[in-house]
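Q: Could you show me how to read salt bridges in a model, beginning with the general idea and then turning to the case at hand?

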Amino acid sequence: MTASRTPTTAEELRGVGLRVTAARVALLETVRGGDHLGVEAIASGVRDRVGHISLQAVYEALHALTAAGLVRRIEPAGHPVRFEGRVGDNHHHLVCRSCGAVADVDCAAGEAPCLTASDDRGFSVDEAEVIYWGLCPDCSTATTSS
């Protein structure tokens with residue numbers, strides 16, 4: 001029995017039909033190594049790996065990677081867009097109203113109950129996006145100690 005090998009980032013890009021470039025590899029690895037990163041943080045991480053890259057090139061690569069399903073884009077209302085490498089599951093997010101921290105949270109329980117709308121109005125639902133809002137532990141502590 002042969003153990004399955006994890007594909008390289010370049011193989012993943014090729015597997016979804018994207019051209020492999022140093023910038024795309026660096027960008028995908030930066031997103032996966034981060035925690036719900038904004039565009040500026042991603043650009044900085046890519047620059048640390050490959051040198052200069054324009055912000056426009058970062059946006060274009062993020063668009064391509066998101067469209068290919070390798071990266072997920074989240075946009076909590078009133079906060080800047082963030083990107084994450086956790087894809088292919090139906091997880092949700094916790095967002096701090098104060099500092100904007102974002103954390104993953106698995107779907108409520110069982111067979112993705114959030115995919116069953118009370119009235120789907122004829123839609124074929126394949127994904128649900130839930131955002132839980134509140135205060136993170138640091139902001140909760142700061143609020144109660146003020």
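A: A salt bridge is counted when a side-chain nitrogen of Lys or Arg lies within 4 Å of a carboxyl oxygen of Asp or Glu. Side chains of opposite charge can pair when their charged atoms come close. This is a predicted model, in which local features need pLDDT of at least 70 and side-chain atom pairs count only at pLDDT 80 or more, while totals for chains, interfaces and linings use all residues. Residues are numbered from 1 along each chain as its sequence is written, and side-chain values use heavy atoms, with hydrogens and water left out.

Q: How many salt bridges does a search of the whole structure find, and which residues are linked in a network?

A: The search finds 9 salt bridges, and a network of them links Arg86, Asp89, Asp104 and Asp106. Within this group, Asp104 and Arg86 meet at 3.7 Å, N to O. Asp104 lies in strand β4 (residues 102-105) and Arg86 in the loop between β2 and β3, so the pair ties together parts that are 18 residues apart in sequence. Strands are DSSP runs of E, at least two residues, numbered from the N terminus.

Q: Are Glu84 and Arg72 buried or exposed?

A: Buried means under 20% relative accessible area, exposed over 50%, and partly exposed in between, with a 1.4 Å probe and protein chains only. Both Glu84 and Arg72 are buried, and their salt bridge has its closest N and O atoms 3.8 Å apart. Because Glu84 lies in strand β2 and Arg72 in strand β1, the pair ties together parts that are 12 residues apart in sequence.

How values were computed
Helix = DSSP H or I, 4+ residues; strand = E, 2+ residues; numbered from the N terminus.
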